[in-house]
Each structure stands twice: as structure tokens, then as C-alpha cells.
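Dear colleague,

Please find below the structure that I am handing over to you. My notes on what was found follow directly after it.

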Amino acid sequence: MSYSIIDKFTAIHSLVGGEMTQAGEEFTFHDGQTPPTEAEINTELKRLQAEYDAQEYARNRKADYPDWEDQLNK
């Protein structure tokens, strides 16, 4: 498993969308969203991490091979 910046805020925002803020471990929902349960958050964290991990090959390839515009400029 690779390291990513996926955190609880990202998982919650993915689940409920809209405007929200975080102060420590407290989340404030500004658009009337229903806060997700801890189980929903944990499931979403795992899903997002799996999605991120599945793209590792593509991220590595992108670093090894610049886009066409950069290649043509060389």
C-alpha cells in the first residue's frame, strides 16, 4: 500500500459533498448535509485508498514519461 493524503475530511466530503469545515476532529456542515456514520467514513476511506493505490502505476509512468508537449519542446 502506498502513502497518500487521503484523510477523514476527504472521505467525509466525498460522501456528503457541499461546503464543510473542520476544526480539530469537529466537522461543520454548512449546506445541511447529514453527517455520515463512522462505519460509512471508514468504508469510504478504504475505497478512496484502494482507488489511489490502483493508480500508482499510472502516477509512476507519468513521472517517467513527460507529456507530449514537453517531449516535443525538447
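One aromatic pair turns up when the whole structure, which is a predicted model, is searched. In general, such a pair of rings is described by how far apart the centres are and by the angle of the planes. A ring also takes part in another arrangement: the charged end of arginine 59 sits over the ring of tyrosine 52, at 3.7 Å from its centre.

Turning to the strands, E1 covers residues 20–23 and E2 covers residues 26–29. These two strands pair in the antiparallel sense, and four bridges join them. Threonine 21 has threonine 28 in E2 as its bridge partner, while alanine 23 stands opposite glutamate 26 in E2. Together E1 and E2 form a hairpin, with two residues between them. In the turn, glycine 24 has a positive phi of about 65°.

Which residues make up the largest nonpolar core? The core consists of six residues, namely Ala11, Ile12, Met20, Phe27, Ile41 and Leu48. Helix H1 (8–16) and helix H2 (38–54) are the elements that each give two or more residues to this core. One member, isoleucine 41, may be examined individually: with its neighbours within four places in sequence left aside, isoleucine 41 is in contact with Lys8, Ala11, Ile12, Leu15 and Pro36.

Finally, I would draw your attention to glutamine 33, which lies in the loop between E2 and H2. Is this residue, glutamine 33, buried or exposed? Glutamine 33 counts as buried because its relative accessibility is 14%, and the limit for buried is under 20%. The side chain of glutamine 33 reaches two backbone atoms: the oxygen of glutamate 19 at 3.2 Å and the nitrogen of aspartate 31 at 3.0 Å. If residues up to four places away in sequence are not counted, glutamine 33 touches Val16, Gly17, Gly18 and Glu19.

With kind regards

Conventions: Residues numbered from 1 in each chain as written. Predicted model: local features only at pLDDT ≥ 70, side-chain atom pairs only at ≥ 80, totals over all residues. Heavy atoms only, no water. Core = buried A, V, L, I, M, F, W, Y, C linked by side-chain atoms within 4.5 Å. Buried < 20%, exposed > 50% of the residue type's maximum accessible area, 1.4 Å probe, protein only. Contact = heavy atoms within 4.5 Å. Pairing = 2+ DSSP bridges. Phe/Tyr/Trp six-rings, centres within 6.5 Å; stacked < 30°, edge-to-face > 60°. Lys NZ or Arg CZ within 6 Å of the ring centre and 35° of its normal. Polar contact = N/O pair within 3.5 Å; in protein donor to acceptor, adjacent residues only side chain to side chain.
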